[in-house]
Amino acid sequence: MPTSDFSPPSHLDPVQRAQAWREWIAPQPWDRFVTLAFNQAGSPRPVTGLADNQTLALKDKLKEWDGRMQRKVVGTNWAKNHDQRFVGVYTLEKLSTNPHWHGLVRFYEVSDEERRRQGHEFDQWAHTVWRRLVPSGDVIVKAVNDERGAVGYIGKSLLDQLNYANWVPQDEFWRP
């Protein structure tokens, strides 16, 4: 599994950088594609003028959602069970109009029956947990049948250099 150490060579143009990121993420067996929308207007300023504390607040909501979802899917001891957590990568999009996270989630590698259980719990709780944190928010959860397509979709915002600063690798929130 890749870590947060993705750093494309500086000589690559934005399209090549985004392609390098997609190739780095694509080999994973992703289980779910998720969109977590805030449904509130972003900053009226251009994306490049967004204050750090505004994007940090959006990341804090994502971290809280991820922790609550870990508890629903993995159980009450999720923080101690590092090897049983689901992993996710997320990119932040449309900061100046309607901020939302796109993410890919991979469940803990266990039996097919347990993976189905994890998927069911994830699907059942994703919207409820997000709405408790963001009452105006919406969630879309889809099973991933085409990893490359899903990776391409969440990587589309990476043509803007700012979004590399706002992508969340799977080990950012809950490092052992």
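**Aromatic pairs and salt bridges: a quick tour**

Hi everyone, let's start inside: F86 and F107 are both buried, where buried means under 20% relative accessible area, exposed over 50%, and partly exposed in between (1.4 Å probe, protein chains only). A word on the source: this is a predicted model, so local features need pLDDT of at least 70 and side-chain atom pairs count only at pLDDT 80 or more, while totals for chains, interfaces and linings use all residues. Residues are numbered from 1 along each chain as its sequence is written, and side-chain values use heavy atoms, with hydrogens and water left out.

Now, the aromatic rings. Rings of Phe, Tyr and Trp (its six-membered ring) count as a pair if their centres lie within 6.5 Å; planes under 30 degrees apart are stacked, over 60 edge-to-face, and the rest tilted. That rule gives 6 aromatic pairs here. Take W65 and Y90: their ring centres are 6.5 Å apart and their planes stand at 90°, so this pair is edge-to-face. It joins distant parts of the chain, with W65 in helix α2 (residues 52–74) and Y90 in strand β2 (residues 87–93), 25 residues apart. Helices (H or I, at least four residues) and strands (E, at least two) are DSSP runs, numbered from the N terminus.

One aromatic cluster takes in W65, F86, Y90, F107 and F122.

There is also a charge by a ring: the charged end of K72 sits over the ring of W125, 3.6 Å from its centre. For that, NZ of Lys or CZ of Arg must be within 6 Å of the ring centre and within 35 degrees of the ring normal.

On to salt bridges, meaning a side-chain nitrogen of Lys or Arg within 4 Å of a carboxyl oxygen of Asp or Glu. How many are in the whole structure? The search finds 4. In one of them, R115 meets D31 at 2.7 Å, N to O. R115 is buried at 18%, and D31 at 14%.

Another bridge pairs D123 with R32, again 2.7 Å from N to O. D123 lies in helix α3 and R32 in strand β1, so the bridge ties together parts 91 residues apart in sequence. Here D123 is partly exposed at 39%, whereas R32 is buried at 12%.
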